[in-house]
Amino acid sequence: MKRYLVFALVGPFVGGFLLLLTTTYQSGYWTQTNLGEVGKLFAVFFKTLQYSYLFGFLPSLMIGAVDDILVHIRRVGPVLRMLLVGLFAFVLASLTYSSRGPDSGAVQFILYGMVGFVPSVISSWLVHRYLEEPQAADNKQEPARPH
């Protein structure tokens, strides 16, 4: 349960910020930027944070479910699990967002993929680092005891 809470709290926050950075980069916002413009960016981020959680809550929980499934596979260590969860989120975010807007190409695919990759890897790392994980089930069965 704690795993899903971490994914639900961290994913939309970080992903929403990265999505805002990506869309502002795609629009050309960063070509002539001063310190006041960066302040406006953070103001927009905090004003739209509620929408980041509204639309990022369920995708974050789905990525958390993938992480939860991978925890129970003994051969998948923590680093490989973080990478697999990140790659899964990368592909999903790229397919979801990269077809939007006038531009398309490798840069847009990678930027929007990072919107999914970074929060999922951070969430998976936080779960591994600070929450206790159950040991993978052993396939060996104990012999039956006579009654």
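What is the volume of the largest pocket? The largest pocket has a volume of about 590 Å³, taken as the space filled by probe spheres set on grid points joined across faces, edges and corners.

## About the model

This is a predicted model, in which local features need pLDDT of at least 70 and side-chain atom pairs count only at pLDDT 80 or more, while totals for chains, interfaces and linings use all residues. Residues are numbered from 1 along each chain as its sequence is written, and side-chain values use heavy atoms, with hydrogens and water left out.

## The largest pocket

A pocket here is an open set of points on a 1 Å grid over the protein atoms alone, where a 1.4 Å probe fits, with protein on both sides within 12 Å along at least five of seven lines; lining residues have an atom within 4 Å of a point. The lining of the largest pocket has 27 residues, and Phe-55, Gly-56, Pro-59, Tyr-97 and Val-115 lie nearest its centre. Two or more lining residues come from each of α1 (2-27), α3, α4 and α5 (106-130); helices are DSSP runs (H or I, at least four residues), numbered from the N terminus.

By class, the lining of the largest pocket holds 15 nonpolar, twelve polar and no charged residues. Ala, Val, Leu, Ile, Met, Phe, Trp, Tyr, Cys and Pro count as nonpolar, Asp, Glu, Lys and Arg as charged, and the others, Gly among them, as polar.

## How α3 meets α4

Helix α3 (residues 49-71) packs with helix α4 (residues 78-97) at an angle of about 150°, and their axes are 10 Å apart. Axes are lines fitted to C-alpha atoms, for helices over the stretch in contact, and angles run from 0 to 180 degrees between N-to-C directions. The angle makes α3 roughly antiparallel to α4, a term for angles over 145 degrees, whereas oblique covers what is left once under 35 (roughly parallel) and 65 to 115 (roughly perpendicular) are also set aside.

In this pair, Ile-63, Val-66, Asp-67, Leu-70 and Val-71 of α3 meet Arg-81, Leu-84, Val-85, Phe-88, Ala-89 and Leu-92 of α4, where contact means heavy atoms within 4.5 Å. The contact of α3 with α4 has nine nonpolar, no polar and two charged residues.

## The partners of α1

The axes of α1 and α3 come within 7 Å and cross at roughly 135°, which makes α1 oblique to α3. Their contact has 13 nonpolar, six polar and three charged residues.

With α5, the axis of α1 comes within 8 Å and crosses at roughly 155°, so α1 is roughly antiparallel to α5. Here the contact residues divide into 17 nonpolar, nine polar and one charged.
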